[in-house]
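Here are some friendly notes to read beside the model. Take the points in order, and keep the 3D view open as you go.

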Amino acid sequence: MQDDVKMRVTATDDALTLIQTLKDKYGSELLFHQSGGCCDGSAPMLFQQDDYIVGDQDVLIGEIGAVPFYMNADQYERWKHTDLVIDAIDGIGGMFSLDNGSGRRFLTRSDVCIRES
């Protein structure tokens, strides 16, 4: 599955600042997982690597702020022609995400794209 990754993930300066703030608090061993729309909608969730088990059905999309960014394979199949831009805005983070309680939250923005092979 990894060789088929077509989407890209990037981050705004605000997101990179929030990532660094959370690294300073929780350490550098973090990972993002794009939520599939259950409890916290479709928010990008940030976890300490020891607190989240990456499974065989997770696809590594890329890295932002030197933090790996994963998505479930089923969701990837639906979104694979979409580039993701992770931003940070004022608000309450996802229930289980490390941004919760910071006064800022991560937000996924997207652009549909078509790439020629």
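Is Arg104 buried, exposed or partly exposed? Arg104 counts as partly exposed, because its relative accessibility is 24%. On this scale, buried means under 20% relative accessible area, exposed means over 50%, and partly exposed lies in between (1.4 Å probe, protein chains only).

1. Before you start. This is a predicted model, in which local features need pLDDT of at least 70 and side-chain atom pairs count only at pLDDT 80 or more, while totals for chains, interfaces and linings use all residues. Residues are numbered from 1 along each chain as its sequence is written, and side-chain values use heavy atoms, with hydrogens and water left out.

2. The sheet. Look for four strands forming an open sheet in the order β3-β2-β5-β4, with mixed pairing. The edges are taken by β3 and β4, each with a single partner strand, so one side of each has no neighbour in the sheet. On average, neighbouring strands of this sheet are turned by 30 degrees against each other, direction ignored. Strands here are DSSP runs of E with at least two residues, helices are runs of H or I with at least four, and both are numbered from the N terminus. Two strands pair if DSSP finds at least two bridges between them.

3. Strand β5 and its partners. Five of the six residues of β5 (residues 67-72) are buried. On one pairing, β2 (residues 30-34) runs parallel to β5 and is joined to it by two bridges. Phe32 has Phe69 in β5 as its bridge partner, and His33 stands opposite Tyr70 in β5. The pairing of β4 (residues 58-64) with β5 is antiparallel and has six bridges; here Val59 has Met71 as its bridge partner in β5.

4. The hairpin turn. Two residues separate β4 and β5 in their hairpin, and Gly65 in the turn has a positive phi of about 60 degrees. Ala66 also deserves a look: its phi is positive, about 60 degrees, although Ala66 is not a glycine. Most residues other than glycine have a negative phi. Ala66 sits in the loop between β4 and β5 and counts as exposed, at 55% relative accessibility.

5. The other end of β4. Gln57 lies in the loop between β3 (44-48) and β4. What does Gln57 touch, not counting residues up to four places away in sequence? The answer is Met71, Asn72 and Ala73, where contact means heavy atoms within 4.5 Å. Gln57 and Asp74 are 17 residues apart in sequence, yet their C-alpha atoms are 7.8 Å apart in space. Gln57 counts as partly exposed because its relative accessibility is 47%.

6. Helix α1. This helix has 14 residues and reaches 20 Å from its first C-alpha to its last, close to the expected 20 Å; the expected span is 1.5 Å times one less than the number of residues. Its buried residues are Ala15, Leu18, Ile19, Leu22 and Lys23. They cover an arc of only 140 degrees around the axis, so they are on the same side of α1; the arc is that of the directions from the helix axis to the C-beta atoms. The face turned away from the buried side carries the exposed residues Asp13, Thr17 and Asp24. Just after α1, Gly27 takes a positive phi of about 100 degrees.

7. The salt bridges. There are four salt bridges, each a side-chain nitrogen of Lys or Arg within 4 Å of a carboxyl oxygen of Asp or Glu. One of them joins the side chains of Asp14 and Arg104 (3.9 Å, N to O). Asp14 lies in helix α1 and Arg104 in strand β7 (residues 104-112), so this pair ties together parts that are 90 residues apart in sequence. Asp90 also forms a salt bridge with Arg104, with the closest N and O atoms 2.7 Å apart. Through shared partners, salt bridges join Asp14, Asp90 and Arg104 into one network.

8. A last pair. Arg109 and Asp87 meet through their side chains in a salt bridge (3.0 Å, N to O). This pair links distant parts of the chain, with Arg109 in strand β7 and Asp87 in strand β6 (residues 82-90), 22 residues apart. Arg109 is partly exposed, with a relative accessible area of 40%, whereas Asp87 is buried, at 11%.

Note on methods. Axes are lines fitted to C-alpha atoms, for helices over the stretch in contact, and angles run from 0 to 180 degrees between N-to-C directions.
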